[in-house]
Amino acid sequence: MTMHSGKWRTTMMSMSFSALALTCALRGTVGAQQPEHADSSAVRRTRLTGTIASIRTTLPVPLADIRLSWIDSTHADKEFFVDTTKSRIGITDTAGAFAIRNLLPGHYLVNVRRIGFAPFEGVMTVDTSAMEMELALEQVMTYLPPVRITESATNTITQRLDRVGFISRSRMGFSGSFMTRKDIIDGHSVDLRHLLTKLGLSVSDSYTLDNIPTDWGELGDYPLDLIVGVEVYWHGMPVEYSMTRRGRQTFSNDRGTPIRHANVLLWTYIP
């Protein structure tokens, strides 16, 4: 960590220097110790905003996927243990800007991915102060995959869905509906929110993206091209999720009857 006059700056330690620079400009004190056994609902949360550009052209990089994976400090003496329920995800807009809200204080693995650019991985510590980040990504010779589903592309996506249990759950007769990448393409949806609306989903439902909690607002900007699988559960959840994620309940105004909303699992693949 280094400090400069006027404002504090901290440079993330890179575990994979695919990107040449990742600098956070902080509006306050950084580097607080991660709280042990704290009640996350009572802890003040903060946000991370920033921009991502190409290191070669200095132009903004839109639709970059930014993931902050929360590291459980109680496992610090062993391998990293990532708690996806406290992790967050963001996406850059056309100006290369992003905002990730509701961040708990603690240590995070940072992963930034964008088709056509080398991925970036690093670590950072967050306290309760608002943070800003500027990141330059290295452009590589990777091209966008064709929309046409080829055998090799299908195999790669199938392997991805198999690893996360999508295929096994779809074959075991769970009370959910399943959409593959081919189903998504055949549906001709304009964007992700359009797809979810056609499935009868709305802002009141519960969403996770690659096991990271998200919401209707954050999904509005997420590129549909990166979604390869969708699971929707209106009644119950698979056993591996039922103990940690539950559909929201609201009460109708006329009868006061509890209504169970949907739990939605979204899966992505970025070449």
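Strands here are DSSP runs of E with at least two residues, numbered from the N terminus. In this predicted model, strand 14 covers residues 212-214, and Thr214 belongs to it. Thr214 has a relative accessible area of 8%, and it counts as buried because the cut-off for that class is under 20%.

The side chain of Thr214 makes a polar contact with the side chain of Glu218, at 2.8 Å. With neighbours within four places in sequence set aside, the contacts of Thr214 are Ile89, Tyr207, Thr208, Leu209 and Leu219.

## Residues with positive phi

Most residues other than glycine have a negative phi. Asp210 is not a glycine, yet its phi is positive, at about 55°. Asp210 sits in the loop that runs between strand 13 (206-209) and strand 14. With a relative accessible area of 11%, Asp210 is buried.

Asn102 also has a positive phi, near 60°, and is a residue other than glycine. Asn102 lies in strand 8, which spans residues 97-103. Is Asn102 buried or partly exposed? Its relative accessibility is 41%, so Asn102 is classed as partly exposed.

## Nonpolar cores

The largest nonpolar core consists of 24 residues. Within this core, the residues with the most contacts are Leu192, Leu196, Tyr222, Ile227, Val230, Val264 and Leu266. Two or more residues come from each of these elements: strand 7 (82-91), helix 4 (192-198), strand 13, helix 5 (216-219), strand 15 (227-233) and strand 18 (263-268).

Which residues does Ile227 touch, not counting those up to four places away in sequence? They are Arg181, Ile184, Leu192, Leu209, Tyr222, Trp267 and Thr268. Leu209 is also in contact with Thr214.

## The chain as a whole

The protein chain contains six helices and 18 strands. It has 271 residues, of which 42% are buried. Of the contacts with a separation of 6 or more, 71% are between residues 24 or more positions apart.

The accessible surface of the protein chain is about 14,700 Å². Carbon and sulfur atoms account for 54% of that surface.

How values were computed
Residues numbered from 1 in each chain as written. Predicted model: local features only at pLDDT ≥ 70, side-chain atom pairs only at ≥ 80, totals over all residues. Heavy atoms only, no water. Helix = DSSP H or I, 4+ residues; strand = E, 2+ residues; numbered from the N terminus. Buried < 20%, exposed > 50% of the residue type's maximum accessible area, 1.4 Å probe, protein only. Polar contact = N/O pair within 3.5 Å; in protein donor to acceptor, adjacent residues only side chain to side chain. Contact = heavy atoms within 4.5 Å. Areas by Shrake-Rupley, 256 points an atom, 1.4 Å probe, with all protein chains shown as cover. Core = buried A, V, L, I, M, F, W, Y, C linked by side-chain atoms within 4.5 Å.
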